[in-house]
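Hi,

Here is the structure I promised to pass on. Have a look at it first, and then read my notes below.

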Amino acid sequence: MTATSEPRTAAVTGATGFLGTHLCDRLLDDGWEVRGLSRPTSERGDLEGIDWYVGDLFDDGTLRSLVDGADAVFHLAGIGLWSAGPDTVWTVNRDGTERVLEACRDADAGRVVFTSTSGTRRPVGDTDFADESDVAEPIGAYQASKAAAEGLVDRYAETNGDALTVHPTSIFGPGDEEFTAQLLAMGAEPTMPAYLPGGLSIVGVSDVVDGLLAAYEHGEAGDHYILGGENLTYDRAVSRIADAVDGSPARIRVPATAIRAAGPVAEVVDAVADRRMFPFDRQMATLATQRLFYTSRKANEELGYEYQPLEAHVPDAMEWYRASVT
Ligand SMILES: NC(=O)c1ccc[n+]([C@@H]2O[C@H](COP(=O)([O-])OP(=O)(O)OC[C@H]3O[C@@H](n4cnc5c(N)ncnc54)[C@H](OP(=O)(O)O)[C@@H]3O)[C@@H](O)[C@H]2O)c1
């Protein structure tokens, strides 16, 4: 930005969440004017300078004012099966995206960057690393809702809207009480004896923020970009964290058979209780035992996206974990 140019305006849904907080922080640092969507009940944290729009994804008036005149709309709001049942997950992720796109179509909004998940892609056949073209049959309501939302974003772009989709893998960084806190516990806490079989792509939250901004600047409307990090088996990830923090890594690998066995049990309990008690079923339990590795080559070549090794992200995450979680 030159000294005389107007600051750009970003509208961010999910601004009160883990990724949203980091994105807003960066946008403010970079000189953007930032509007954040916040539910009345959301914890807004201590970031100063955000213009808050209070409402949820189904409050059309609030959404319209949020996106009106924004140069960029980062649609991050979403929900997973740990926090809600499958019906809510579908409604928030699929229908909420529809509402955001409708508001953008009606208002004078710039490019929409939609945050989906790498879970809508999976390695197929002999491929070890999934890319954007490896579209997978969704497993569970979360993946299904994100895949449906991606379809809406694709259609919006096909009908002269400016929108694209990014697919982060498992995001690691300060403020994430789920995945990051669990992984740090497995690497650092002597009380956490077990780790999972299988493997995953772990990406630092600051790298995902870089990717979101690069997608806004350089992405192709209607296109999809995986934003991944290092592909690691759980035992490798856990021992690398342990080395980085001088901790005691979890030493017992939970057998894949035990995890696969938990799937049917969860299904039976859900059926007996007549409501969702576990965030996974048979298929999702099987998935947790596999190596879900991804390549970010396309984002690298087309957006200039780069990621750092896990160790680069451990100190900040560990500082937060020690101060807030333990
Ligand atoms: N974390 C990961 O590893 C990961 C990986 C791939 C993709 N993603 C995707 O990235 C996005 C951000 O994830 P995150 O980890 O930052 O999640 P998060 O911490 O749970 O944040 C979710 C955000 O969505 C908001 N939200 C939920 N339901 C809403 C509704 N009905 N109306 C308005 N806002 C609503 C939440 O508001 P409250 O503060 O009020 O709850 C919060 O701001 C999500 O779409 C997620 O699916 C995450």
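How many bridges join strand β1 to strand β4, and which way do the two strands run? There are four, and β1 (residues 9-13) and β4 (residues 72-75) run parallel. Along this pair, T13 stands opposite H75 in β4. Strands here are DSSP runs of E with at least two residues, helices are runs of H or I with at least four, and both are numbered from the N terminus. Two strands count as paired if DSSP finds at least two bridges between them.

Before going on, please keep in mind that this is a predicted model: local features need pLDDT of at least 70, side-chain atom pairs count only at pLDDT 80 or more, and totals for chains, interfaces and linings use all residues. Residues are numbered from 1 along each chain as its sequence is written.

Now the whole sheet. Seven strands make up an open sheet with parallel pairing, in the order β3-β2-β1-β4-β5-β7-β11. β3 (50-54) and β11 (224-227) are at the edges with a single partner strand each, so one side of each has no neighbour in the sheet. From one strand to the next, the twist averages 20 degrees. Helix α4 (residues 140-158) packs on this sheet, where it touches β5 (111-115) and β7 (163-168), and its direction makes about 150 degrees with that of β7. (Angles run from 0 to 180 degrees between N-to-C directions, and axes are lines fitted to C-alpha atoms, for helices over the stretch in contact.)

Next, a helix pair. α1 and helix α6 (residues 205-218) have axes that come within 10 Å and cross at roughly 60 degrees. The two are therefore oblique to each other (under 35 degrees is roughly parallel, over 145 roughly antiparallel, 65 to 115 roughly perpendicular, and the rest oblique). L19, H22, L23 and R26 in α1 meet V205, S206, V208, V209 and L212 in α6, a contact meaning C-beta atoms, placed from the backbone, within 7 Å.

Finally, the ligand. It is surrounded by 25 residues, and the closest are G17, L19, S42, D56 and G78; a residue counts if its C-beta atom, placed from the backbone, lies within 6 Å. The elements giving two or more residues to this shell are α1 (18-29), α3 (86-106) and β8 (170-172). α1 gives the most, with three residues.

Happy browsing!

Definitions and conventions
Two residues are in contact if their C-beta atoms, placed from the backbone, lie within 7 Å.
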